[in-house]
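Welcome! Let's walk through this structure together, one piece at a time.

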Amino acid sequence: MTAIDEILAGKEICVCAGSGGVGKTTTSAAIATGMAARGLKVCVLTIDPAKRLADSLGLKELGNEAKRVDPALFERHGIEMQGELWAMMLDAKATFDELVARQAPDEESRDRVLDNRIYQQISGALAGSQEYMAMEKLYELHSEGQFDLLVLDTPPTRNALDFLDAPRRLTQFIEGRSLRVFMKPTGLAAKVAGRGATVALGVLKRILGFDLLADLAEFFNAFSGMVDGFQERAKKVNSLLADPGTCFLVVCGPQGEPVDEAVYFHRKLVEAKLPFGGVIVNKVHYPADGADGNGGDLEGALSERLGDAGLAERVAANFADYQALAERDAANIERLAAELRTKGLIRIPYLDEDVHDLDGLAEINRYLFASSEERIELAAGRA
Amino acid sequence: MRGYSHGRPLFLPPTEIARNQPIPSPDLLDKRLLFVTGKGGVGKTTVAVALGLRAAAEGKRTIVCEVSSQENASRIFEHAQVGFHEVEMEENLWSISIDPDESMREYVLLQLKVRAMRDMLFRSRIFTYLAAATPGLKELVTIGKIWELAQQHRKVKGGREYDLVIVDAPATGHGIGFLQTPRTFAGIARVGPIHSQALELDRLITDHEHTGIAIVALPEEMPVNESAALEAELRSEIGVAVDRVYLNGLYPERFSKEEAERLAEVAAGENGSVRAAARAAVSEHGRARSQRRQLARLRKRVETPVKTLPFLFEPELDVEATRALADKLS
């Protein structure tokens, strides 16, 4: 097994992806902290407004601008910062507005979009817009070249793949401008579109109401001057993601469902020719070391040692429960490793304390950045 | 005299009323529509299916709806993917995976009775564009389908009537946006059929008598914080009735403090299995205690009654394991 700093050697971008609830934010924060401690200037980005990243870095809040995290915070928790750690929380709406301003051919077109009622209602909530804006900001920060490494905590999507699809969906949405042609079913447009479209439009008016249809047409129309710019930008974002300097890490849990999703996600990354770096499995129940030492009658041995048969029974039952979970985790991880055919599989144990602060991050970092030998020692020290 | 007293407007907007004077809402399973939501990975599907099993066992005709096309419920029943069909899983219990494209098709079919018009529409590029590109339309037609399932007189020909519709809703963040879609659309379309239909959907979602929300949480620091924030947002921003918070995955308290101390001593002076088992017991004790602290925090931070659900020491949750949870739901 490889340590995370070996996987990330020479990389400029690290994208942490995975389904919800597997510890993506914590993992992103821990990786960024560890890489900064080793001398890099790192920025960790999150789009999740739930304050998870701020909480885990011990910050009150994060904004749309990158802020440096005070190194003294880490020193108190035994992490010496040789580099710099910066963090920011993406505001999807603000990023979308900036993008529109940048792509608009003139001020009038810009204002037409920014003032559009439909745009205002949906620019923050548009399907795929959060994901796309995360990519967009990543691209922008990378172009500015202020950081050695950018770590992206991808948004908690229903489907871990949504963000890969985001540039295509956004372009598709802007292409709705074709609606404008149909909205004027007279003259040349009508001839091009044909009678079928005119009837279809009539039907749509009946379903949507004329007002809504007109508003939508105006909305798409407002974007019409920016289509090429958006497409160009989406292409650049895509090639940055596919660049060898980028590294996708899949984060998952040890249960069957997260492992299935990780396998699926890895396959999609390979299909999309995106650089896969490794997989991090969080909250793994490690099998106990030397579990067979008492010839099978654990309860008897416990009872003898404790002098309390009832307690011995409970201790043995508890142990059996944990061993069953450890066996399940081991089997799932074996399956994961076989499917992914990767050496970059890092296991983080299910720690006694739930991880939500800098002490927790420091603890996780011991595993993320451990060499193979250190990892064996770490594992042996746990029950 | 104007409608003010103590500087407070006499006529509060609906959300204010919801917050200040909670209308007593019927028991969870006596509602017609129930959304199960929470942060990702907390066990929403498990709780949704457990609620479904419980309601079905009480004789209620129940359907569990998935909206993320992941078919996690089918997985629990070890059933093949159900797709956009109402498939019977057990006596009184059905399941459906609501696909937005299919919902859109069905919606159009219900709106347009003339076959030639429908064919024309489905074939036209403009419809395809509009359906794919209009923001939020997918969520809207998905909620439209949920509404249709919850009707006493179904719009779909030969549609079964359900006593209870349970929705395995999207995770936090997405979940809020999802439930807000009808109101957003009602705002976008000021008049016309979409406007009135969106309003109808919003009325259903905020109807405290018939519609409820259950939030699923885990006994950990951040999930507890997020559940409290989610509850506040659901109540104040959307004005829905949050009826229950389920704290999922709570460990049993197997050992007393004294026992844990003794076991720690044993672990230090032993090796092999006895040591490993003693250490596992000490860990379990620590986790169980830290979870109880989180439970206390959650109870302090939310207004909704909190119920706990035990952690199941099962390698994978199948239907029997889920049924075991069903008994502990209300």
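Predicted model: local features only at pLDDT ≥ 70, side-chain atom pairs only at ≥ 80, totals over all residues.

## A word on angles

## Two helices from two chains

Helix H15 of chain A (residues 298–306) packs against helix H12 of chain B (residues 272–301), at an angle of about 80° and with axes 10 Å apart. H15(A) and H12(B) are therefore roughly perpendicular to each other. On the chain A side, the contact is made by A:Leu298, A:Ala301, A:Leu302 and A:Arg305, and H12(B) contributes B:Ser273, B:Val274 and B:Ala277.

## An arginine in H12 of chain B

Stay with helix H12 of chain B for a moment, and find B:Arg287, which lies in it. Is B:Arg287 buried or exposed? With a relative accessible area of 7%, B:Arg287 is buried, because residues under 20% are counted that way.

What does the side chain of B:Arg287 reach at 2.9 Å? It is the backbone oxygen of A:Tyr350, in the other chain. Setting aside neighbours within four places in sequence, B:Arg287 is in contact with A:Tyr322, A:Tyr350, A:Leu351, A:Asp352 and B:Tyr251.

## The sheet of chain A

Now turn to the strands of chain A. Eight of them form an open sheet with mixed pairing, in the order E3-E4-E2-E5-E1-E6-E7-E8. Strands E3 (67–68) and E8 (345–349) stand at the edges, and each has a single partner strand, so one side of each is left without a neighbour in the sheet.

Helix H16 of chain A (residues 309–340) touches strands E6 (246–252), E7 (276–284) and E8 of chain A, and its direction makes about 175° with that of E7(A). Helix H17 of chain A (residues 358–368) touches E7 and E8 of chain A, and its direction makes about 145° with that of E8(A).

## Strand E2, between two partners

Look next at strand E2 of chain A, which sits between E4 and E5 in the strand order. Why is E2(A) described as largely enclosed by the rest of the structure? Five of the six residues of this strand (residues 41–46) are buried, so the rest of the structure largely encloses it.

E2(A) pairs with strand E4 (residues 84–89) in the parallel sense over six bridges, and A:Cys43 has A:Trp86 of E4(A) as its bridge partner. E2(A) also pairs in the parallel sense with strand E5 (residues 149–153), over five bridges. In that pairing, A:Leu45 stands opposite A:Leu152 of E5(A).

Finally, let's step back. Chain A has 18 helices and eight strands, and of its 383 residues, 53% count as buried. Among chain A contacts between residues at least 6 apart in sequence, 78% join residues at least 24 apart.

Chain B has 13 helices and 10 strands. Of its 330 residues, 56% count as buried. For contacts in chain B with a separation of 6 or more, residues 24 or more positions apart account for 73%.

Terms used:
Residues numbered from 1 in each chain as written. Chains lettered and ligands numbered in written order. Heavy atoms only, no water. Buried < 20%, exposed > 50% of the residue type's maximum accessible area, 1.4 Å probe, protein only. Helix = DSSP H or I, 4+ residues; strand = E, 2+ residues; numbered from the N terminus. Pairing = 2+ DSSP bridges. Axes fitted to C-alpha atoms, helices over the stretch in contact; angles between N-to-C directions. Parallel < 35°, antiparallel > 145°, perpendicular 65-115°, else oblique. Contact = heavy atoms within 4.5 Å. Polar contact = N/O pair within 3.5 Å; in protein donor to acceptor, adjacent residues only side chain to side chain.
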